[in-house]
Amino acid sequence: MCSVVVHQACYGILRHDSGPWHCDACVVRQSGTIESLRCSYCPRADGAIKRTDNEERKWCHVLCAVMIPELGFGDVQLLMPVTGAAAVPKARWRLPCNFCKQRSYAPIQCAEKRCCTSYHVSCARENGCKLNLVMQPDAGPAAAQASSFCLKHG
């Protein structure tokens, strides 16, 4: 319904037979439930999102869950729910995004030592920052080691 495109393994789809497939957000839309279906960790409204285990922060992009160090997945094969909201330090929520300038959501920081540049995962992706995901053979995004570099250090 929303035209989001995902890799099966990167969205936690273990098996899909032919026929229509709906992302988690579209399943909620179809049920008629009225709730915000936006990522709680970045300002981007579209993309592949998953439900979290947190009532206050209900949705998260898969990429945000992989890139934000405190977040993870309850089930590493299905990539759901996104866990770790309580572990995100309060200081992270106040970091300014180098691109959109907002002091909200949960920016990440450049992995270069002594660099304090911070940015939302989606803003980093949109602006060409280097987002590194080191994947384990035969393992999904939940097992990835993630780091990012600002434009100066990427």
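1. Burial first: of the 154 residues in the protein chain, 35% are buried (buried is under 20% relative accessible area, exposed over 50%, partly exposed in between, with a 1.4 Å probe and protein chains only). Bear in mind that this is a predicted model, where local features need pLDDT of at least 70, side-chain atom pairs count only at pLDDT 80 or more, and totals for chains, interfaces and linings use all residues. Residues are numbered from 1 along each chain as its sequence is written, and side-chain values use heavy atoms, with hydrogens and water left out.

2. The C-alpha trace spans about 50 × 40 × 25 Å along its principal axes.

3. As for secondary structure, I see five helices and eight strands (DSSP runs numbered from the N terminus: H or I of at least four residues for helices, E of at least two for strands). Their order along the sequence is α-α-β-β-α-β-β-α-β-β-α-β-β. Among contacts with a separation of 6 or more, 42% come from residues 24 or more positions apart (contact means heavy atoms within 4.5 Å).

4. Have a look at His61, which sits in strand S2 (residues 59–61). With a relative accessible area of 7%, His61 is buried. Apart from neighbours within four places in sequence, His61 is in contact with Cys39, Cys42, Arg44, Asp46, Gly47, Ala48 and Ile49.

5. Then the aromatics: there are three aromatic pairs (rings of Phe, Tyr and Trp, the last by its six-membered ring, with centres within 6.5 Å; planes under 30 degrees apart are stacked, over 60 edge-to-face and the rest tilted). One of them is Tyr11 with Trp21, edge-to-face because the planes are at 85°, with the centres 5.6 Å apart. This pair links distant parts of the chain, 10 residues apart: Tyr11 is in helix H1 (residues 8–11), while Trp21 is in the loop between H1 and helix H2 (24–31). Tyr11 is buried at 2% relative accessibility, whereas Trp21 is partly exposed at 29%.

6. Another pair is Tyr41 with Trp93: ring centres 5.5 Å apart and planes at 40°, so tilted. Tyr41 is in the loop between H2 and strand S1 (49–51) and Trp93 in helix H4 (residues 90–94), so the pair ties together parts 52 residues apart in sequence. Tyr41 is buried, at 1% relative accessibility, and Trp93 is buried at 15%.
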